[in-house]
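Q: I have a model open here and would like to go through a few parts of it with you. Can we take it piece by piece?

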Number of protein chains: 2
Amino acid sequence: MNGPLAAEAAALDRADVLAAKRAEFVLDEDTVYLDGNSLGALPRDVPARLADVVAREWGELRIRSWGESGWWTAPERVGDRIAPLVGAGPDRIVVGDSTSVNVFKAVVAAVRIARQDDPGRDEVLVDEATFPTDGYIAESAARLTGTRLRAVPAAVLPSALGPRTAVALVNHVDYRTGELQDLPTLTALAHDAGARIVWDLCHSVGALPVGLDAHGVDFAVGCTYKYLNGGPGAPAFLYVHGDLQPRFDSPLPGWHSHADPFAMSSGYVPAEGAVRGRVGTPDILSMLALEAALTVWDDVDLAAVRRKSLALGDFFLRCVSTYVRAGRVSSVTPTERERRGSQISLRCAGPGTGAGTGEGVEAGELSAAEVMDALISRGIIGDFRHPDVLRFGFTPLYTSFLDAERAARALGEVVG
Amino acid sequence: MNGPLAAEAAALDRADVLAAKRAEFVLDEDTVYLDGNSLGALPRDVPARLADVVAREWGELRIRSWGESGWWTAPERVGDRIAPLVGAGPDRIVVGDSTSVNVFKAVVAAVRIARQDDPGRDEVLVDEATFPTDGYIAESAARLTGTRLRAVPAAVLPSALGPRTAVALVNHVDYRTGELQDLPTLTALAHDAGARIVWDLCHSVGALPVGLDAHGVDFAVGCTYKYLNGGPGAPAFLYVHGDLQPRFDSPLPGWHSHADPFAMSSGYVPAEGAVRGRVGTPDILSMLALEAALTVWDDVDLAAVRRKSLALGDFFLRCVSTYVRAGRVSSVTPTERERRGSQISLRCAGPGTGAGTGEGVEAGELSAAEVMDALISRGIIGDFRHPDVLRFGFTPLYTSFLDAERAARALGEVVG
């Protein structure tokens with residue numbers, strides 16, 4: 001049974017220049033997968049490639065694969081594949097470790113540079129709504145570098161930047177609300193204040209153009225298992241601005257970032273370039289699964305991705321206002337296109353949440369968590385964020401307009 | 001063509017109680033693989049398990065696998081599988097990140113505990129022949145915690161321990177020489193001096209019994225891609241003594257070690273137990289490949305592993321003295337059984353090494369690196385460590401006595 005917007009969704013899908021990309025992923029037509037902002041779908045080419053890595057490269061060549069199969073250089077090679085997706089030149093990005101560990105490298109290194117230039121800078125600024133790990137790690141980095149952490153609302157960041165700021169750590173897209181921060185302006189403001197800036201791109205890489213080099217970003221980190229579809233826990237990446245690479249003083253100087261690793265010398269001499277961000281032996285199975293996953297981007301225009309992402313969000317919000325009883329949910333994602341990433345987050349008022357608009361909610365109605373459970377049981381896969389947020393991620397390479405329509409229609413049915 | 005010790009090798013293989021284990025690995029009879037101390041061979045069950053993780057758990061269940069497929073709890077679950085191999089009780093070990101990153105967590109946390117108990121302790125001791133990463137990371141940890149690094153020869157460690165020692169970081173088995181340190185005695189001496197000790201088990205886990213709980217070790221780290229056969233770059237593990245778990249103050253406090261990670265609160269409250277060692281999202285593909293690889297240990301007696309390891313080493317040295325011209329190579333691995341791990345390292349004098357015994361070497365003879373290249377081209381896979389060391393690793397689950405005999409015989413032929 002179709003809703004009134006199904007025909008329009010089908011027409012939008014027919015006109016979608018990225019529609020053919022969907023066939024490059026493993027998807028089933030019974031499921032509407034709107035959680036690619038948490039774990040991207042499996043690209044079709046990955047299983048065969050990973051099977052070859054295991055059976056031939058590990059099983060047959062074994063240790064020789066570090067050279068013969070290119071394992072040793074994979075962190076930089078895969079970094080160079082990510083580079084065009086974030087507007088970075090070659091040898092600026094290295095892949096490995098978790099996002100958390102890369103946040104640590106970037107914040108400590110940025111503090112060191114800022115304080116080398118001006119020892120009076122003693123503050124690390126962070127958006128108070130940051131993804132939790134970023135805040136915890138920034139606090140640890142501040143403690144270890146003799147600075148202090150100061151958490152402020154994102155809107156206050158421009159005025160909080162000042163002569164005491166060593167580093168600002170900012171999430172490009174808020175994981176909860178989907179709000180997009182203005183990267184060019186905040187980067188320029190940080191530099192005007194004499195500070196360094198670290199961007200967390202977890203929720204923007206693969207969803208919109210970023211322009212790291214063009215905007216003079218100092219450091220950036222990002223994850224590869226969301227919009228980049230690298231697989232569960234795939235290694236994260238670290239970007240270091242070209243001018244800062246020679247000054248990048250990592251708190252995690254492992255043998256893989258040594259200028260001559262196989263000399264196995266007791267003195268640490270850092271390598272030049274992106275390699276300096278490496279630490280220990282990289283996780284090869286996940287790294288090469290990611291490398292295979294990235295091939296789906298080879299012929300993709302990021303401007304088209306952004307256009308479709310915004311169109312999906314607009315259309316989903318229209319479907320929600322058509323199918324869902326007024327007052328039952330409200331968007332916490334900004335409606336202005338320039339202020340949002342590629343997810344729509346709906347606050348769903350209900351009993352026991354202690355939050356939400358409350359309007360139109362009646363006793364006995366489902367809580368946000370229960371609403372998401374009911375959606376998932378119908379094959380609409382989004383996720384729930386405490387206390388009352390329903391998240392729907394739109395991954396332009398494989399989300400269709402009909403997916404958006406079905407999700408909104410099911411939401412209307414579930415909330416009644 | 002067999003050598004004079006081939007019949008004895010065959011007899012030893014027939015009497016080997018672990019001989020049946022070899023069939024659980026992917027090996028080819030043309031190759032003698034003696035580099036399992038660098039990258040373990042592929043266990044036969046791993047490819048099918050990993051294919052299922054990719055196709056079904058990631059491809060079909062996607063985000064739901066964090067709960068339904070047990071992804072979320074994998075770091076502790078896999079840790080509990082490693083625990084009996086190092087003499088640790090349950091909930092003492094967590095798996096994730098590289099060895100380098102775990103050395104950082106352990107050394108910083110150990111320094112914090114030592115200085116909390118006695119603020120005057122300002123030294124981190126390290127074996128000067130340590131695997132390079134350990135030294136680099138220990139130096140970074142010292143710099144960030146306001147202590148200083150002091151590198152001394154392993155033999156001097158007992159007398160170097162004193163009232164200024166916060167932490168000693170020691171490699172259980174030297175990666176280059178294969179020398180085994182006396183873990184029970186050094187641990188007791190460190191404690192007698194009021195210091196904490198961190199053991200790096202990379203070259204001992206899976207090669208010999210360790211006894212972490214029994215000997216009261218404070219912290220330990222280890223890698224899983226050598227004798228544990230977890231695959232290239234498989235995640236490392238971190239052990240924290242039960243008494244220290246509540247005091248474990250990690251320098252990398254990510255959301256996965258939060259007491260209530262999905263509350264996503266801005267304040268960090270560490271979880272209890274092994275989980276506290278987690279950081280960010282773990283690498284699931286490699287983690288579950290490792291979990292599958294560990295099943296080969298289910299019915300293995302570590303005492304039998306140690307007996308066979310030592311017997312292989314003894315036999316190999318006897319074959320070398322039979323097949324290789326006197327003076328051409330000399331063992332840098334101690335001959336005493338209680339002082340060695342599971343590898344034999346031979347110094348191979350030759351032109352351009354600037355080291356070695358020099359005795360019996362003639363102009364035009366091959367250098368150590370050239371000797372290893374020649375061995376590899378004959379299917380004898382060991383490795384070379386700068387400047388003149390040939391390493392041969394004996395992995396008792398799949399190395400046969402005939403492997404040892406063939407390797408020594410080929411070495412004799414190559415060096416002439």
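Q: What covers the buried residues of helix 11 of chain A?
A: In this predicted model, the cover over the buried residues of helix 11 of chain A includes strand 10 (343-348), strand 11 (380-381), strand 12 (383-385), strand 13 (389-393) and helix 12 (401-415), which belong to chain A as well.

Q: And which residues of that helix are the buried ones?
A: In helix 11 of chain A, which spans residues 368-377, the buried residues are A:Ala368, A:Val371, A:Met372, A:Ala374 and A:Leu375. They cover an arc of only 160° around the axis, so they sit on the same side of helix 11 of chain A. In general, an α-helix has 3.6 residues a turn, so residues three or four places apart point the same way.

Q: What does the face turned away from the buried side carry?
A: That face of helix 11 of chain A carries the exposed residues A:Asp373 and A:Ser377. Following the helix comes A:Gly379, which has a positive phi, near 85°.

Q: Switching topic, where is A:Thr333, and is it buried or exposed?
A: A:Thr333 is in the loop between strand 9 (329-331) and strand 10 of chain A, and with a relative accessible area of 3% it counts as buried, because the cut-off for that is under 20%.

Q: Which residues does A:Thr333 touch?
A: Leaving aside residues up to four places away in sequence, A:Thr333 touches A:Thr177, A:Gly178, A:Arg340, A:Gln343, A:Ile344 and A:Ser345. As for A:Ser345, its backbone nitrogen lies 2.7 Å from a polar atom of the A:Thr333 side chain.

Q: Why do you say the copies meet through the same surface?
A: Because 100% of the interface residues of chain B are also interface residues in chain A.

Q: Last one, what lines the second largest pocket?
A: The second largest pocket, with a volume of about 790 Å³, is lined by 42 residues, and those nearest its centre are A:Ile63, A:Trp255, A:Phe262, B:Ser38 and B:Arg385. Helix 11 of chain B gives the largest share of this lining, 4 residues.

How values were computed: Residues numbered from 1 in each chain as written. Chains lettered and ligands numbered in written order. Predicted model: local features only at pLDDT ≥ 70, side-chain atom pairs only at ≥ 80, totals over all residues. Heavy atoms only, no water. Buried < 20%, exposed > 50% of the residue type's maximum accessible area, 1.4 Å probe, protein only. Helix = DSSP H or I, 4+ residues; strand = E, 2+ residues; numbered from the N terminus. Arc of directions from axis to C-beta. Contact = heavy atoms within 4.5 Å. Polar contact = N/O pair within 3.5 Å; in protein donor to acceptor, adjacent residues only side chain to side chain. 1 Å grid on protein atoms, 1.4 Å probe; cavity = no way out; pocket = protein on both sides within 12 Å on 5 of 7 lines; lining within 4 Å. Points joined across faces, edges and corners; volume = space filled by probe spheres on them.
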